[in-house]
Amino acid sequence: MSTNKQLLVKGIRYMAMALPLLFLGPSVIHSSFKNQEHPLYIPILGLGIIFCMLSIFLMFKGIQTIMKSMFDGNQ
């Protein structure tokens, strides 16, 4: 059983892209909740939620790609 190295690197790239979003999303949400009286409260909150959802998606895609590289072999 061999590992597809190109697919593994692609999965690690997905995980690396998700890492900053894991910290950025909750920080943006927290700052928007601290400034609820500001007129841009709703768009900033939406942006933070989008960052969190994107990080979850990228983590899922990264883990899925890494598992595919390990268990699908050279296909």
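I began with a term: a polar contact is a pair of N or O atoms within 3.5 Å; within protein, one must be able to donate a hydrogen and the other to accept it, and residues adjacent in sequence count only if both atoms are side-chain atoms. The model is predicted, so local features need pLDDT of at least 70, side-chain atom pairs count only at pLDDT 80 or more, and totals for chains, interfaces and linings use all residues. Residues are numbered from 1 along each chain as its sequence is written, and side-chain values use heavy atoms, with hydrogens and water left out.

**Entry: serine 32.** I looked up a polar atom of the serine 32 side chain and found the backbone oxygen of isoleucine 29 2.8 Å away. Serine 32 sits in helix 1 (helices are DSSP runs of H or I, at least four residues, numbered from the N terminus). Is serine 32 buried or exposed? Serine 32 is buried, at a relative accessible area of 3% (buried means under 20%, with a 1.4 Å probe and protein chains only). Not counting residues up to four places away in sequence, serine 32 touches Tyr41, Ile44 and Leu45 (contact means heavy atoms within 4.5 Å).

**Entry: helix 1.** I noted its buried residues, among them Gly11, Gly25 and Ser32. Helix 2 is part of what covers them. I also found a bend of about 25 degrees at leucine 21 (the angle between axes fitted to the seven residues ending there and the seven starting there).

**Entry: tyrosine 14.** Leaving aside neighbours within four places in sequence, I found tyrosine 14 in contact with Leu58, Lys61, Gly62 and Thr65.

Note on methods. Helix = DSSP H or I, 4+ residues; strand = E, 2+ residues; numbered from the N terminus. Buried < 20%, exposed > 50% of the residue type's maximum accessible area, 1.4 Å probe, protein only.
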